[in-house]
Every structure is written in C-alpha cells, then in structure tokens.
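We will walk through pockets and then rings.

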Amino acid sequence: MFIDKVKIFIKPGNGGDGAVSFYTEKYVAKGGPDGGDGGKGGDIVFLADDRKTSLADFRFTQAFRAEDGARGSSTYCHGKGGKDLVIKVPRGTIIRDEETGGILADMFADGASLTAIRGGTGGKGNARFKSSRRQTPTFAQMGVKTEEKAIILELKTIADVGLVGFPNVGKSTLLSVISSARPKIANYHFTTLSPVLGIVQYYDHYFTVADIPGLIEGAADGAGLGHDFLRHIERTRLIVHVIDIGSADGRDPVKDYRAINAELKKYSEVLSCAPQIVVLNKCDLLSDEKPVLRFKKLTKTEPIKITGAIAEGTDALIAAIYEVLKDLPPLKPLEFEPFEYAERDTSEFDVVKIGEGEFEVFGGMIDELARNVTLNNPDSLRFFHKRLKEEGVLKSLRRHGVKNGDTVHMLDIEFEYTE
C-alpha cells in the first residue's frame, strides 16, 4: 500500500536528574558534595533518504521517542547523554506541526536533516548548589521533562516530468518504454495505485519522470484517487498529458483533455500555468487522421503522436521533453516561513486567585524552580522559598491580596502563606 500522508508522535528524551552525593575517603573529613549533573536527553532528528519512496514505514509505528539522559553520579561525574533518534523519510517530505499547521521543513535534498525538537537539559547535581552559607546541600535538580508533539508527514514526489491523464490511457506503458521503471501494466482502470518514478536518458542527459495515477473528473474535489495524488504533480517542472486518441474505451479525447486540465486548474492555478506537452497515444488503433485533426482543431494544440506499446514515436517525445526542460528553471524547495517549537520561558510567572483564601502561581519560572524541590527535604524547601522571594513571586502574591494562613498552589505543591 502506498502511503504519502501520516500522523506520528515524537518525543525527545528527558534530561537526567542530578545526583546527591558526598565525597568520602579514608582520612578525608568533610569531603563535601560531589554529585554530578544529569545527561541531556536525545534529540529528534529527521533525515531525507532518497532510497525511500513512501511513508509506509510509519503505517504501524507511529510513536517515536528518543533516549533519556542518564542520572549524574558521584565524584562530579556527568550522566551519559541520551542517544538522538534519527527518523528517515523519503526525499520530498513536508514536515508539519499538527496543532498549528506550521511547516518545520521541506526535506527536498537527499541527506537533508532537521533537528525537530531538542532533548531536555540534564539537572544539576548537589555540588552545583554549594555556597558559603550552604556547605552541604542535600538536594539536586531534576532533569527537564519533554513534551510529546504530533507531526504530519506529507510526501510530494520530486520529478522533472509528471505524466497525467485518465486511467488506462497508457501512462504506465509509456514510462516502462522510455525508462527502466517497471510499473504494473494491465488493461483495466486504476492499475497504478501510487506514483512511479523512472529515469530517462537522452544522450548524456538524464531527467526523472513520474507516473501520477488516479486522475478522473472531480479529482480536485476528492473523487477517485486523484485528490490523494494531485499534490505530487506540484513537484514537477513539466506536465506530459497523455490522451487515448484511439478511444479504446469509447471516450472522447477532447473531453478527456479538457476535463483533466480543468481539474489541474481547480486544484492549483500554478499547475494550470505549468508547461505541458500533449501526447496522443494508441495511434495504431486509428484508421485515418480525422480524430487527430479534430483534436488539434478543438484544443488548439500541436500534440505528439505515439504508440507506447511498440515504442513508436517515443524517441521524438523524449527529445521534445528534453528541449523544454533545458530551458526551464531547476526544481526548488517549497518557500515557507519555518516553524520552530518555542523554547520554554523560564523567567515568566502569573498569580491568580482561584477562591477565597486560595491562590495559584504558575508559569515557566515555577516549572523551573520545581525541578529543585524535594518535598521531604528541608534544605531543598528553604532554597525554594529563597528563590521565590528573589524572583518576586512573594511580592506578587501580596499585590494580589494574599494574607497569612491563605493557601498557595504551585504545580503539585501546596503550602500555607506566612509573612
């Protein structure tokens, strides 16, 4: 099954906790604190891999989590950093944040990489909290806990040429003749269920051709398979519009030509203005030139006649494609304002009154301070209260009308306010 759009969940590694440790050695009195810092959590990294052609790898595996940082240890030893998690995606994948729709990256080039979210910072060991007034700190800092994010991966095939046309007009046969690609070929509609890429050689030059399946009337509105695959045509420099001039299915070639172009225009004005070569296929089924002349007159085009099944006229088609491509600008990545996940602000906080005699303090600064709190450790609580005073939290509580005996909530911490 070809999959070109998936939702996955990514979570970088948590930072390791700092260690509480005191140096001990025979004949060495009062060695002091020597707890090391925790290791940094692993990052989430996306890597474009040209060997991948779809997002099928994400069909059953949708949750990706990087390794957590290790806890610090004694003798000032830092914990081991968590291993980065590298997620390989096909070239041409657009990476979006699901919540905002913002684009993190367009993985346009093979080997392109993106660090989507960085791992949590490791916590400080108790050696970092030693001061002239606090000689033996018995607490350490916890590592930063990271959040899970929902990501949308959307694949848009990158090719120089896109073959479009109604089902069963001979696009797959044509691709198999002009390139080394071997798509499935059968005499029924919707044989091709996914874009197929082939590389075409013209003397010393090469270009890529994609067979885009599933286009029918109403495709831009979701009919058939076209709504799923129209996005792949956006990544092409030239459109080759294949028409069944032999009318093997009793269809009107002129109506088919106009219907497909109407769907392209409805989906994207850019596509409707893209350079296009019209190809009349299955010419071996014609008894005279009347259908060709009618097509030229009503569409005002100069199509190229071929019979793909026996490779008749395909050399002229390849030459015509090259002549158009050599004057077209090269493919470029999508232009967008890159979206980045905001770093947590550890300086802001807010105070709100949630009831009579009850207040809540929240914000990035409180989250950061809470990493240093061990509720059953008096030394840790004293440090916490000292920082609340230094950062202006107690002053802000007084401005909001807090009184002695009132209850103050901070995360999972609850205490009674006293002057």
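Which strand and helix each supply at least two residues of the lining of the largest pocket? Select strand E7 (113-117) and helix H7 (364-370), elements taken from DSSP runs (helices H or I, at least four residues; strands E, at least two) numbered from the N terminus. This is a predicted model, where local features need pLDDT of at least 70 and side-chain atom pairs pLDDT 80 or more, while totals for chains, interfaces and linings use all residues. Residues are numbered from 1 along each chain as its sequence is written, and side-chain values use heavy atoms, without hydrogens and water.

A pocket here is an open set of points on a 1 Å grid where a 1.4 Å probe fits, with protein on both sides within 12 Å along at least five of seven lines; lining residues have an atom within 4 Å of a point.

Next, select Val144, Lys145, Thr146, Glu147 and Arg344, which lie nearest the centre of the largest pocket among its 42 lining residues. E7 gives the largest share of that lining, 4 residues.

Move on to Glu234, Arg235, Thr236, Val270 and Leu331: they lie nearest the centre of the second largest pocket, which is lined by 20 residues.

Now for the rings. Rings of Phe, Tyr and Trp (its six-membered ring) pair if their centres lie within 6.5 Å; planes under 30 degrees apart are stacked, over 60 edge-to-face, the rest tilted. The count comes to 6 aromatic pairs. Show Phe339 and Tyr341, an edge-to-face pair at 5.2 Å centre to centre with 85 degrees between the planes. Finish at Tyr202, Tyr203 and Tyr322, linked into a cluster by ring pairs.
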